[in-house]
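Please open the structure in your viewer and keep the selection tool at hand.

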Amino acid sequence: MINPSAILAAPFAAASLALPATPPVTAADLWREGVHLEWWELSDLLQETTGWTIKPGHCPDDPDGVGHWLIDPSGDPEGDIWPGPDIDDVEHYVGWRIDEALASADS
């Protein structure tokens, strides 16, 4: 006896459908779309584009004791620690550097 499902499946089994590879989404792609990045993602993007990084640290001015340092390419902290676990202020401070670096890379 012939299996009807085997007859129907045979043409599909013989054909292979290759989907195009999807490139991975990068932090730069997320930045361009306005997605909020975690501190380590912002730090990686900042380092890739400008050589600067962000490093978490202890902040006595914050009730949680959390803050972030902005580190220049030579490894020195820029100014005082940014208080709080939220990096919005750091993001606004360094955003123009990222935007300029991405714009020049796209040119």
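Select G67, which lies in strand β2 (residues 66–71); strands are DSSP runs (E, at least two residues), numbered from the N terminus. This is a predicted model, in which local features need pLDDT of at least 70 and side-chain atom pairs count only at pLDDT 80 or more, while totals for chains, interfaces and linings use all residues. Residues are numbered from 1 along each chain as its sequence is written, and side-chain values use heavy atoms, with hydrogens and water left out.

G67 counts as buried because its relative accessibility is 0% (buried means under 20% relative accessible area, with a 1.4 Å probe and protein chains only). Leaving aside residues up to four places away in sequence, G67 touches K55, P56, G57, C59, I81, W82, P83 and G84; contact means heavy atoms within 4.5 Å. Now display the C-alpha atoms of G67 and D86: 8.3 Å separates them, although they are 19 residues apart along the chain.

Next, select H68, also a residue of strand β2. Is H68 buried or exposed? With a relative accessible area of 3%, H68 is buried. Its side chain reaches the backbone oxygen of G84 at 3.5 Å. Among the residues that H68 touches, not counting those up to four places away in sequence, are W39, I54, P85 and I87.

Finally, select helix α3 (residues 39–50) and helix α4 (residues 88–106), which pack at an angle of about 45° with their axes 9 Å apart. To see their contact, show L42, L45, L46, T49 and T50 of α3 with E91, V94, R97, I98, A101 and L102 of α4.

How values were computed: Axes are lines fitted to C-alpha atoms, for helices over the stretch in contact, and angles run from 0 to 180 degrees between N-to-C directions. Helices (H or I, at least four residues) and strands (E, at least two) are DSSP runs, numbered from the N terminus. Buried means under 20% relative accessible area, exposed over 50%, partly exposed in between (1.4 Å probe, protein chains only). A polar contact is a pair of N or O atoms within 3.5 Å; within protein, one must be able to donate a hydrogen and the other to accept it, and residues adjacent in sequence count only if both atoms are side-chain atoms.
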